[in-house]
Amino acid sequence: MSHVAALEAAIRAWADGGVFEGFEEWALRAFAHQFERVAAYRSYCERRGVTPATVASWTDVPAVPAAAFRHADLATGPAEAAFRTSGTTGGAGARGRHPIVHLSLYRASALAGFRHFVVPDDERLACLFLLPPLAARPDSSLVHMCAWVGEAFGTSVEWFVGDEGLDLARLRERLAALAASGEPVLLAGPTAAFVRLFDTGFSCRLGPGSRVMDTGGAKGMPRPLSRPGFLRACWTHLGIAGYFCVNEYGMTELCSQRYDSVLADRMAGRSLAARRLVAPPWLRTRVLDPDTLTPVAPGATGLLCHHDLANWGSVSVVLTEDLGHATGGDGIVVEGRVSGAPPRGCGQLLVAMSP
Amino acid sequence: MTTAGLSRAIAAAIDARTRLGRHTTDATAASLAAAAPRWLADPALAALAESSGLHPSMLAEVLPRTAAMLDRDAMRGLVEREGTDVGEPAEWIACILASNVPALAVPAIALGCLAGSAVVVKSGHRDTISAPAFQRALAAVDPALAATVVPVFWPHDSALDDVLLDAPIAVLTGHDATVAALAERATGRVLAHGTRYGALLIDTNADVDYAGAALDVALYEQRGCLSAHVCWVVGDAERVAAGLADALMLLAERLPPAPATVEERAAVRTFLEEAAWSGAGVQAGAWGAVVRESDPTFRPTCGARTIRVLPLPDVARLPECFPPNAIECLGTNVPPPAGLRARGVARVCPVGRMQQPPLSWPRGQRPALGSLLRESRTAVMAIER
C-alpha cells in the first residue's frame, strides 16, 4: 500500500471510531515526499538550510506562507482538481490556487471531520446549501466539500445561490415546507448568507436534529453580528438551538477543516466545555509569535500555522494570515486577519455571485 | 456635544469670521506664524505619545516639521499665488481628519483661516490634542481669528458627522472606504483625500542621501501618504538596499520604532515571509525591513519601516510602474521623468524631504489654498528643489 493510501485508510479508520496515530512519522514522511516533488518548496527549504535530513520533529518542517499558493504551483504530481481562494480583489492572479493531487484523500479527510464534528449522531439530513452549485463553482473547495457532504449525509441536496445571488424567496419557501414536515435539515453556508436570511424576518421551527454549519468571516456581511447574536438568531429564526450550530474554519490551502466543538462535546457529555475550533488528529495548529515564529505562551495571540497531513499532495505546513490563540488544550479561537491581507473567506462566494 | 450645540458653535465661528471683516491675509499669516511656536511649546502635546502610539523622540522630530509649515513668508506667497481674485470665500469649512498621523489639524486650520472661512476641525481619535492646542495658541496671539476656529471630536456619532457634512466645503481624509462613505453623505463640495503612498526614485549614478531616504521611510512610522513604501533604483539596487538598511538601523537608534501591536507584527511577518518565499533579498530587524525584489511594479508594504527596493532599468518607464493615483509624493535624487503628473503624483521633492511638505503641498493634485476657494479642475504637481 502506498503512503497516501495508508494515510487515507488511517483517516477512514478514525472516522469509523478508530484511533489516528503517528502524526510525527506521517509529518516527516510527508515533508520528505513534498521536498522531493515540489521544486518551489524544495528551493525555499534549501534557502533556509532545511532538508529532510535536518528535520527531527514535525515542528521543524518549514511552513510556506499562504501567499505561496498565489505565486507557485505547489503540487507533488498531476492535479486531479484545483481549488481557488475566493478573494475578489486584485484579479485572478491574486487568488491562491491549491492543486489537489489526491482528491480521494481530500474527500476522506473532509468527510471524516464533518462527520465527527457536525453529524456525530450519524443523522441523515435534508441538505440546504446557501452556496452556488458545483457546476457553477467547480473551483470552490467549500462547494466541493458540501457536495460530498450532501452525498454522504443527505436525504436530499439543494443549492440556493445562483446567477442572481442568494435566492431568499425559494429558500424561505423550502424551509417552511421542511419545518412543516419535521424532517431534520442541515443548513450550511457562509455566515453572511444566514444574516441575509435573518434580515428578511423569516422564522420557522425546523425539525428536531436540524443543524447549522456556517463558515467565513465578516466579509460580505450585510451588517455586523456577534457570535452570540448569530446563535440567538438561529434559535429565533430557525428554531435551532445553539449546540446544533457549528462554525467551520477552513482554508482553500488546507484539505482538512476545524469545527466548533459544541456538538461533538455535547454528544460526548461535555456540554459545559467552552466553544473552540477543534480539528481531527491529522491537523495540528501552532500559534506563533510574529517576530520569532516560535510558539507563543498558552492563550496568547499569534499567527496561526497549520500542519495538515491531508495536504499530502501539496505542502502540509501553511503559515496563515490569520491571528488567533490556543484554548482548551485542543482548540483555537480565530481573532481576525492580519491588516492589509487580501480579503478572503466564504462570504466572498456571495459577493462574487451577487449581481 | 449635541447637534444643536455643534450648530451653535459653528454659527458663532461664522459670526466671528464676519466680525473679522477686513482682517488682511498678511495679518492672518502673521498670526498663524506666531501661533506655531506657541503650539509647539504647549505641554499638552506630550500626551500625543500615548494617544498616537509614536515614540516621544519621533514626536520631537515630526512636530517641528508641522510647525515649520506655518512660515509667514511662505503663507503670504501661497495667498498671492492661489488666493487672489476668487470672490467670496465659503462661510465655513469642515475638516474631518484621519488619525494615522498627528497634527493634521494644524495645516487644516491654517489653510481654512487663509481662505477666509470659519473652520471646524474634527480630529482623528489618535490625536484629539493638536487642534485645541493650536486654537489656544492662536487665541493667545489673535483671539479674533481664533474665534473662527472650532476644534471638535467625538468617537462615533453620525448625527454630529452629518452636521459637518452639511458644510459648504468638506475636506475629508482617511482610508478610501471611510472617505467614500462620508463623501456620499456630504451636501456641499467635497475635497476627499483617501489612501495614497510615497515612493523614492534613486539613481546610483548621482549622490545618494541614505540618511534622508531612511527618514522618508520611517518618519510617522510610515503611516502617512508621504511615507515611502518603495524605492525604485536606477543602477545598483543591491547597493541601495544595503545602504537603506544601514541607514534605517542607525535611525532606529535615534528614533526608536513605536511599539507594535501583535496585528502589526503579524503584518510584518506575513510581508517578510511572502518576500522570502518569492526569493527576494530580505534584510530585517527591529529597525524595519528592506526587501529587494526583481519586479518594478509598485505594491505598498505593510508599514512599520518596511520598504521594497525595485530595479528600474529605464527611468522613463517609471510612470508605468504604479497605478494611477497611488503615489502622492516622489522623493528623488535625479530630475523626475515625464508623465508623473498624469499618473496622479502630487509632489516631487529631494530625497529626505518627503515628510516635510510645505503648506502649499497640492494634496491629491489640488491647489492647497485655491481648492478651498474655487472648484479646481486642473491637476497640480509641485516640484520642490
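Colleague: In which sense do strand β6(B) and β7(B) pair, and over how many bridges?

Modeller: In this predicted model, β6 (residues 197-203) and β7 of chain B are paired in the parallel sense, with 6 bridges.

Colleague: Which residue of β7(B) does Leu201(B) stand opposite?

Modeller: The residue opposite Leu201(B) is Trp232(B).

Colleague: Which helices pack on that sheet?

Modeller: Helix α12 (residues 237-254) of chain B is one of them; it touches β6, β7, β8, β9 and β10 of chain B, and its direction makes about 180° with that of β9(B). Helix α13 (residues 262-277) of chain B also packs there, touching β8, β9 and β10 of chain B, at about 155° to the direction of β8(B).

Colleague: And what is the strand order of the sheet?

Modeller: The sheet of chain B is open and has 8 strands, in the order β8-β9-β10-β7-β6-β11-β12-β13, with mixed pairing.

Colleague: Why is one side of β8(B) and of β13(B) left without a neighbour in the sheet?

Modeller: These two strands stand at the edges and have a single partner strand each, so one side of each has no neighbour in the sheet.

Colleague: Let us turn to the core. Which residues touch the most other members of the largest nonpolar core?

Modeller: They are Ile109(B), Cys231(B), Leu244(B) and Val309(B), in a core of 236 residues. The most is given to this core by helix α6 (residues 105-115) of chain B, with 9 residues.

Colleague: Now a helix pair. At what angle do α2(B) and α5(B) cross?

Modeller: The axes of α2 (residues 25-40) and α5 (residues 72-82) of chain B cross at roughly 145° and come within 9 Å. The crossing is right-handed.

Colleague: Which residues meet there?

Modeller: From α2(B) there are Thr25(B), Asp26(B), Ala29(B), Ala30(B), Leu32(B) and Ala33(B), which meet Arg72(B), Met75(B), Arg76(B) and Val79(B) of α5(B). By class, this contact has 6 nonpolar, 1 polar and 3 charged residues.

Colleague: How far is Met75(B) from Met381(B)?

Modeller: The two are 306 residues apart in sequence, and their C-alpha atoms are 18 Å apart in space. Met381(B) is placed in the loop between α14 (370-373) and β13 (382-383) of chain B.

Colleague: Why does Met381(B) count as partly exposed?

Modeller: Met381(B) has 17 other C-beta atoms within 10 Å, and a residue is called buried at 20 or more and exposed at 12 or fewer, so this one falls in between.

Colleague: What about Gln222(B): what is its phi?

Modeller: Gln222(B) has a positive phi of about 65°, although it is not a glycine. This residue is in the loop between α11 (210-218) and β7 (228-234) of chain B, and it counts as buried, with 27 C-beta neighbours inside 10 Å.

Colleague: Finally, how many residues does each chain bring to the contact between chains A and B?

Modeller: Chain A brings 18 residues and chain B brings 13 residues. On the side of chain A that touches chain B, the largest share, 3 residues, comes from β15(A). That side of chain A divides into 11 nonpolar, 5 polar and 2 charged residues.

How values were computed: Residues are numbered from 1 along each chain as its sequence is written. Chains are lettered from A and ligands numbered from 1 in the order in which they are written. This is a predicted model: local features need pLDDT of at least 70, side-chain atom pairs count only at pLDDT 80 or more; totals for chains, interfaces and linings use all residues. A nonpolar core is a set of buried Ala, Val, Leu, Ile, Met, Phe, Trp, Tyr and Cys residues joined through C-beta atoms within 7 Å. Helices (H or I, at least four residues) and strands (E, at least two) are DSSP runs, numbered from the N terminus. Two residues are in contact if their C-beta atoms, placed from the backbone, lie within 7 Å. Ala, Val, Leu, Ile, Met, Phe, Trp, Tyr, Cys and Pro count as nonpolar, Asp, Glu, Lys and Arg as charged, and the others, Gly among them, as polar. Two strands pair if DSSP finds at least two bridges between them. Axes are lines fitted to C-alpha atoms, for helices over the stretch in contact, and angles run from 0 to 180 degrees between N-to-C directions. A crossing is left-handed if the near helix is turned anticlockwise from the far one by less than a right angle, and right-handed if clockwise.
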